[in-house]
Amino acid sequence: KNSSILEINCETDFVAKNEDFINFAKEISHINNEVKSDIHALLSSKMKNDKTVNDNLLALITKIGEKITIGRSKTLNHSNSKIFKYHHTVIKDNLSKLAVLVSINTSDESEKIKTFGKQLSMHIAASNPLAIDVEGIDKDVLKKEEELISEELKSLGKPENIITKISLGKINKFKEENSLLNQQWVMEPKKKVKEILKELNIKNLKINEFSRIKIGE
């Protein structure tokens with residue numbers, strides 16, 4: 001069994017609340033889950049009216065008269081894990097402007113883990129981490145951030161040796177603030193997410209992966 005998240009963009013709130021758009025989004029979300037977020041397979045899949053997703057998409061654009069695009073998607077697998085979901089700014093049912101899926105490795109069935117899973121998905125929605133831990137942050141993102149920091153310090157006229165020292169501190173702070181385990185827990189900001197995990201005291205508890213998609217981001 002899988003859980004999937006799919007981004008479908010339109011240009012106005014008026015269209016986002018349109019019945020045709022909502023029905024299209026719902027149906028292709030189910031298909032996307034079946035094809036495990038393979039965008040090419042999704043576009044060529046048949047819908048209930050026996051036409052492909054792509055053909056239906058073009059017909060919908062013509063009918064509504066607004067640009068509609070299919071964007072990012074992610075599928076998480078349920079084997080040996082629990083998937084938790086969170087929707088923010090809900091339009092209707094499972095359609096929202098911000099959605100989060102998070103996979104947690106645990107065999108625990110208690111209310112404690114259910115509460116944590118729900119809170120963790122809300123935390124991800126609010127804190128927008130780039131990766132689970134520091135090592136997982138994209139190297140290109142770090143390089144770009146280092147360049148921005150360096151340029152900023154140079155423009156302030158700082159000497160090279162000072163730039164290197166300050167840059168290191170700033171990039172380490174950036175890594176901390178953008179890795180989920182090192183972020184301050186939204187529900188209790190004095191503690192980090194990794195401390196909350198420890199406090200739960202559940203054997204083999206691990207955050208596997210997550211996906212956060214916000215429309216227009």
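This is a predicted model: local features need pLDDT of at least 70, side-chain atom pairs count only at pLDDT 80 or more; totals for chains, interfaces and linings use all residues.

Analyst: Residues are numbered from 1 along each chain as its sequence is written, and side-chain values use heavy atoms, with hydrogens and water left out.

User: Which element gives the largest share of the lining of the largest pocket?

Analyst: A pocket is an open set of points on a 1 Å grid over the protein atoms alone, where a 1.4 Å probe fits, with protein on both sides within 12 Å along at least five of seven lines; lining residues have an atom within 4 Å of a point. Here the volume (space filled by probe spheres set on the points, joined across faces, edges and corners) is about 870 Å³. Of its 36 lining residues, the closest to the centre include Leu6, His87 and Asn94. With elements taken as DSSP runs (helices H or I, at least four residues; strands E, at least two; numbered from the N terminus), the top contributor, with 8 residues, is strand 1.

User: How do helix 6 and helix 7 lie to each other?

Analyst: Their axes, lines fitted to C-alpha atoms over the stretch in contact (heavy atoms within 4.5 Å), come within 9 Å and cross at roughly 140°. Angles run from 0 to 180 degrees between N-to-C directions; under 35 is roughly parallel, over 145 roughly antiparallel, 65 to 115 roughly perpendicular and the rest oblique. So helix 6 and helix 7 are oblique.
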